[in-house]
Amino acid sequence: MNRFLPWGLLSLLALAFLLLFIAYPIIGILLRSFIDESGEFSLEGFFIFLNQGRYLEALANSIILGLSVTFCCTVVGVFLAFIVARFDIPFSNIVFLLPLSVLIIPELISAQSWIMVFGNNGLVTHLLDAFGIPFPRFYGWFGLIYVMTLTYYVHIFLAALAALRGFDHSLEEAGQSLGTAPLTTYVKVVFPTIIPAVLSAGLIVFTLVVGNFAIAISLGQRVPLLSVLTYRSFISELGGNPTMQSTLATVSILLVALVLFLQRWYISKRDYQMVAGRTPPRSKLKGWKSWAATGVAGLVIVLSLLPALVVLAGSFTVSRGPVMYWGQFTLDNYTRILDFNLGVVGNSLKFASLATLLGVTFATLVSYLLVKKRSALSSTLDYLLLLPLTISGTVLGISLAQGFNSGPMVLTGTAALMVLAMMLRRLPFGVRNASSNLHNISNSLEEASVSLGVPPGRTFFNVVLPLMAPGIAAAAILTWVTTVAELSASVVIYQAGQETLPIQIFRLINSDLMARASAFGVINMVIILVPVFIGIRVMKVKLFSS
Amino acid sequence: MTELSLRHIKKSYGHVEVLKGIDHQVPDGTFFTLLGPSGCGKTTLLRVIAGFVTPSVGSVHFGSEDVTGVPPHRREIGMVFQDYALFPDKSVFDNVAYGLRARRVPKEEIRRSVNEYLERVGLEGFGERLPTALSGGQRQRVALARALVVGPRVLLMDEPLSNLDAALRVQMRDVIRSLQLETKTTTIFVTHDQEEALAMSDTIAVMKDGRIDQCGAPDDVYRNPKTAYVSKFVGSANLLQAKPVERCNDGICRFEVEGSNFAGRIMSEANDGRYLVVARPENLGIRKAAAAPGECELSGVVISTQFQGYRTSYRVKLKSGSEVNVETFGEMDGSPLTRGDEVIVSFQDKCIFVPEASQ
Ligand SMILES: Nc1ncnc2c1ncn2[C@@H]1O[C@H](COP(=O)(O)OP(=O)(O)O)[C@@H](O)[C@H]1O
Ligand SMILES: [Mg+2]
């Protein structure tokens, strides 16, 4: 019995927490899609979904967008990885900052900045206009695919780079010794071996695109998408037809779950382990090839980092309504925030700190329980932790709002729900980060401490926690970064007075007030950047080790 | 200081009984070794003593105190692990001081004790280093100091030498044994290495399938194995089937072994009346066959010889087809034996008899 305490009890508490705040709302939303307004079982929601053209169209659009963006990301990501892995290009060190750029520049800000460049009042749009060249409409498929590709290609880049690095160079040499030309060797020998990694990352990108809200709503006014429709059904029909919200949420849960299932099945089927071979040497390119490779890589890097610069410039630019007076500088956009909107900054800091604290504590505890104190509850915990991966922020927001708006526990409208929503989205990754060092900590270490007279609980703090620290720090930074940038769940559940930076930016973009949005964006990025910088520079945290 | 007693300890995992009733007393200050092959339950028994495993049945006593329900951190034990289990982020000094700090010993005393024990294990001046900057042998010394500095009631060691290379292992035996003698700590030492057990222990308990098969001083266990299993596990032994032919007289019994008459002591009674004769290779005599074998002698042919300096080993194939190993020390009388020589193997009066079936 005493063996069950304290770890068994903690497992039970963690399980109860996940059941209450993840399983219950999600199961609730799934069930409600089969119930009509009178509370009877009905397939009405699905009937409407299948018979009203716009729903099916949105589903089809989401899938098409997912496929297109995944394709574009694969082309860009694999190409860039190939260049970086094989060739000695001038600024290859900067390339390794790319994953960071995605962390630091929230997707909403990325969308905003590209609107400022290519949108109706965009820099380039005006420039071309002056020369009488019409710029194609940015809002719609073009803008969606363009911005999402720039946002998500890094996933594929990293996967492909890891695969190319691990690839045994002797295979390639063997191919060449048989008389195949280097390029043909590449296509025939090397690319097939990185396909598993790329495909696996591609499926993840697909789920991210389908679940994306920030870019979808900023640029997709003319293309109905599942995530946007789900959001609108919730916003416009508050008190209206909850069946339709649930049905839309259910469809997107099923779509993402299906793809994730496919991805896991694919990983388990393939022998994903690659022989760790010699890292192939990087060769120097000459002539036009060098220029081409450098140029393309450089372009991708510039396009990835440009949003930060555009927003920074925009935040100091004079504007009147939607019109930006580029070249005329002002501090107005910031003084306005100081005068009227400090609360928004405060909200962001407050919610994100609480969510990070809660999330990291929970992740630390749960990863310890899952790795070191496995019990009958552990596999259930494992599965519950996968659930947040299958739902987009929008769906999480709706399921939380619906799940806790009545009954014994009313949280809808409270700040607690905001914190919870932000924390839950990152939880699976947090647990993965926190447990990264845990597998290397031998059980005898804890037993040694206990045998020396330190009780198990204190042993955890004395012995295990210091060794988990690097993983916990990575979890904390990444959780902070994502919660400060969180929009899709919080925008569904926030109440007046609970606006965060992303929500405020989102509202300003909707009103086409880009300069003011930019000032908020810069503040948002600074808040993200500071801990990342401290973590990497001062604490030497490895953010991308796992 | 502390006598350890184990009373009727049983432990089952599901339907598998890993410990099947262990009853034993370890007198205060002795070096007690659990010897047995992998999987026989040594670690489980050690962890029962430490308190990390709760026995299904039975009790553990330190002196007069029943500690069965006492959690490990209150048992005042010291443990040394196979993988050293040093805290990698703490210096050697902090590792050794760990248990003292948990006991809220004053700072000055901690410094004194830690330095004393570091000196005892031959690591004075290593306090500032991290464990990663030490060799395997040095790490195990730190672990030993860490376990002993708190003055444990019982010191528990689970195969502490098996990660070290051969030469270091022999050297560490001395370090451990002499520290144990100096501190007079009751010690339970787990190993699967019979040589280690024989060299270090006051008492050896040979374990088999969750039971203690035999327990005694090293030379007693070696000379007087009570079962065929113990005779084979501790040292090497020649075992031949023996048929009892006469009731015993003064403890000496007569047997027929491969057609010859043998006499010797029965170590434990066989329920089914079937016995094996046990003879250590070094207790056998060997000579060129000149006449028919006499009492306690068998004839055979040398099938291999190995000269190993101070001793020579022979492998002899007996008439029946069984083979025995014989070792001689120093020079042989007469001309040396070579392959194919007909020989007489003499069991002399040192044969002992054990039951054939394990019981
Ligand atoms: N926690 C456990 N659950 C199930 N079986 C166990 C457990 N611990 C040990 N065993 C089993 O008990 C037996 C004895 O193990 P152990 O005490 O480690 O042996 P030894 O240390 O002598 O090699 C082995 O068969 C092992 O598989
Ligand atoms: Mg063992």
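Two strands are taken to pair if DSSP finds at least two bridges between them, and helices (H or I, at least four residues) and strands (E, at least two) are DSSP runs numbered from the N terminus. The model is predicted, with local features requiring pLDDT of at least 70 and side-chain atom pairs counted only at pLDDT 80 or more, whereas totals for chains, interfaces and linings use all residues. Residues are numbered from 1 along each chain as its sequence is written, chains are lettered from A and ligands numbered from 1 in the order in which they are written, and side-chain values use heavy atoms, with hydrogens and water left out.

**View 1. Strand β11(B) and its antiparallel partners β12(B) and β14(B)****.** Strand β11 (residues 238-249) of chain B is joined to strand β12 (residues 252-257) of chain B by four antiparallel bridges. In this pairing K243(B) has E256(B) of β12(B) as its bridge partner. The two strands form a hairpin with two residues between them, and D250(B) in the turn has a positive phi of about 55°. β11(B) also pairs with strand β14 (residues 275-279) of chain B, in the antiparallel sense and over five bridges. Opposite Q241(B) stands L276(B) in β14(B).

**View 2. An open sheet of four strands in chain B****.** The strand order is β2-β1-β4-β5 (chain B), and the pairing is antiparallel. β2 (16-26) and β5 (65-66) of chain B stand at the edges, each with a single partner strand, so one side of each is left without a neighbour in the sheet. Strand β4 (residues 57-62) of chain B is connected to β5(B) by two bridges; F62(B) has E65(B) as its bridge partner in β5(B).

**View 3. The contact between domain 1 and domain 2 of chain B****.** The domain assignment, which is automatic or taken from a database, gives domain 1 (4-223) and domain 2 (228-355) in chain B. The contact (heavy atoms within 4.5 Å) takes 14 residues from domain 1 of chain B and eight residues from domain 2 of chain B. The C-alpha centres of the two domains lie 39 Å apart. Between them the domains bury about 1,000 Å², 67% of it on carbon and sulfur atoms; buried area is the accessible area (1.4 Å probe) that two parts lose on being put together, summed over both. Q194(B), V206(B) and Y222(B) supply 45% of the area that domain 1 of chain B buries against domain 2 of chain B, more than any other three residues.

View 4. The area buried between the chains is about 1,800 Å², of which carbon and sulfur atoms give 58%.
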